[in-house]
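Hi,

Here is the structure we talked about. My notes follow below it.

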Amino acid sequence: MDLKSISVMATGSALREVTLLIYSIRMLYNCPIYVVCDDYVYNSLRKMGFLWLNLRASANPDDLKKAAYKTKSIKSHNDFHSAGAIWTKIGAMEWALEEEGETLFLDADIVLNKPINEDILTDVDAMISPHYHTGDTLSDNQTYGVFNAGYAFARHCDFAKVWKEIYLTRSAFYEQQGMIWFFEHFDMGIFDKSHNIGFWRFSKKWKKGTLRLDDWGIDWSKAKSFHFHAFPETYSKANKGLTRGYNLLKEEMVERLNPELKRIYNDLL
């Protein structure tokens, strides 16, 4: 099967990341892309001339303020995640489902490195991506969730609506930890380890004050999609340790990009 649509949300500092994502999609697919964004990203992407790009500027500060009010009951766990922005991102998936009846939702900091459509099952309502955590797997799964909230496919019209409900009422860590409850509502499939390779797939070790990432267990020859911050403006508020980790991850991932995508990445620097 081919992809009917892809959906994403991006604001402000994520412009270069979502641009890289869109280029990676267009190397593989001509499907419509639905982008919920702010005015800055809206105007910038319009000038780039991408085909079949649907933009909705409904993630401006006033919009996010209203979304924050809707999600005021959500517990804050850090300074990095915004409850209102998460609500708006699920709205991007909801929009694409309304228009196309099927969509792959991706966080803006994802790139597609190889075709992924052949792994999407035809007999399920939706598919989600396990973290495949390394290290203290049980603790990480309990705290942050078994599944990653930045990589989800759905062909059921109610998927995003159910996600919003789970987010508000049952999820212990933002919209992510509660994704396990999708299995109560839908026929679900899961993506394998070749998809959505991110920070959680690396073991982290400090040696003589220096952080190192170990990619043991990753079969890079099969890697189809990467989840990483490609540009420093998207993690400028991270603490020193996390910033070091993101920098290392970026170096690792950029070297794994296919040659054409690496060229585009360099052009965006």
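Which residues in H1 meet which residues in H9? Arg16, Thr19, Leu20, Tyr23 and Ser24 in H1 meet Leu261, Ile264, Tyr265 and Leu268 in H9 (contact: heavy atoms within 4.5 Å). Six of these residues are nonpolar, two polar and one charged.

First, the ground rules. This is a predicted model, where local features need pLDDT of at least 70 and side-chain atom pairs count only at 80 or more, while totals for chains, interfaces and linings use all residues. Numbering runs from 1 along each chain as its sequence is written, and side-chain values use heavy atoms, without hydrogens and water.

Back to the helices. H1 spans residues 15-26 and H9 residues 259-268. Their axes come within 10 Å and cross at roughly 155 degrees (lines fitted to C-alpha atoms, angles from 0 to 180 degrees between N-to-C directions). That makes H1 roughly antiparallel to H9 (over 145 degrees).

Now the sheet. Seven strands form an open sheet in the order S3-S2-S1-S4-S7-S6-S8, with mixed pairing (strands pair if DSSP finds at least two bridges between them). S3 and S8 are the edge strands. The twist averages 25 degrees from one strand to the next. Helix H2 (residues 39-48) packs on the sheet, touching S1, S2 and S3.

S3 (residues 53-56) runs parallel to S2, joined by four bridges. Ile33 has Leu53 as its bridge partner; Val36 has Arg56.

Best wishes

Terms used
Helices (H or I, at least four residues) and strands (E, at least two) are DSSP runs, numbered from the N terminus. Angles under 35 degrees count as roughly parallel, over 145 as roughly antiparallel, 65 to 115 as roughly perpendicular and the rest as oblique. Ala, Val, Leu, Ile, Met, Phe, Trp, Tyr, Cys and Pro count as nonpolar, Asp, Glu, Lys and Arg as charged, and the others, Gly among them, as polar. Buried means under 20% relative accessible area, exposed over 50%, partly exposed in between (1.4 Å probe, protein chains only).
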